Amino acid sequence: MSDGATLPPLAHSASANTLVGAAYVSLRRDIIQGRLPPGSRLRVEHLKDDYGVGAGTLREALALLVSDALVVAHGQRGFHVTPISLEDFRDITENRVLLETEALRQSIAVGDDDWESAVLAAFHRLGKAEQRLAADPDARFEEWEQRNREFHRELIRACPSRWMHHFLGILYQQAERYRRLTVTRR
């Protein structure tokens, strides 16, 4: 499962070392961070200059973001950042809880002392990051997000189902925009 530091689980075909991959990573970051707001139109002719790539490269990166459900393609009308809604947030959260609870149950059933130690260590690091986040949400969000991702990954690491890991990676990624909004904008 991807650690989310470079590419999320859905972008298997793009590497950050390619032009498409670099454009994908930059666009994804800007969508997640709200620099490209939900619902906004993504005009290839404007974005290619902003991201320093050609129109074809940008379209490939946008297609990857469509497969990630972060961008919507509207036929001949171009691309838009996927809107956010309370209903979508609830759906993502309910499915994450359902799947992550089962994955944790499976991890507990087969996890060993090393797994348990890794969970405790990740929880400790997350607690420290939460203290720093409380003092300065804007400056400390990235650190908190990384620690939160590590903690959730460790909780389910011993789960033997690769599909459970795959689907939870997708849901975790989809929830990232909502986490950022709730943490940095309260």
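Predicted model: local features only at pLDDT ≥ 70, side-chain atom pairs only at ≥ 80, totals over all residues.

Modeller: Happy to! Residues are numbered from 1 along each chain as its sequence is written, and side-chain values use heavy atoms, with hydrogens and water left out.

Leu65 belongs to the largest nonpolar core, which has 21 residues; Leu65 is among those with the most contacts inside it, together with Leu27, Leu36, Leu42 and Leu62. Such a core is a set of buried Ala, Val, Leu, Ile, Met, Phe, Trp, Tyr and Cys residues joined through side-chain atoms within 4.5 Å. Buried means under 20% relative accessible area, exposed over 50%, and partly exposed in between (1.4 Å probe, protein chains only). In soluble globular proteins, nonpolar side chains tend to be buried together.

Where do the core residues come from? At least two each are supplied by α1 (19-32), α2 (44-51), α3 (55-67) and β3 (79-81). The largest share, six residues, comes from α1. These labels are DSSP runs numbered from the N terminus: helices (H or I) have at least four residues and strands (E) at least two.

There is also a second, separate core of 17 residues, and Trp115, Phe141, Ile156 and Ala158 are included in it. Ile156 leads us to a neighbour: its backbone oxygen lies 3.4 Å from a polar atom of the His165 side chain. This is a polar contact, a pair of N or O atoms within 3.5 Å; within protein, one must be able to donate a hydrogen and the other to accept it, and residues adjacent in sequence count only if both atoms are side-chain atoms. His165 sits in helix α7 and is buried, with a relative accessible area of 15%.

To place all this in the whole chain, picture seven helices and three strands, running α-β-α-α-β-β-α-α-α-α from the N terminus on. Buried residues make up 43% of the 186 residues. Among contacts between residues at least 6 apart in sequence, 68% join residues at least 24 apart.

Technical notes. Contact = heavy atoms within 4.5 Å.
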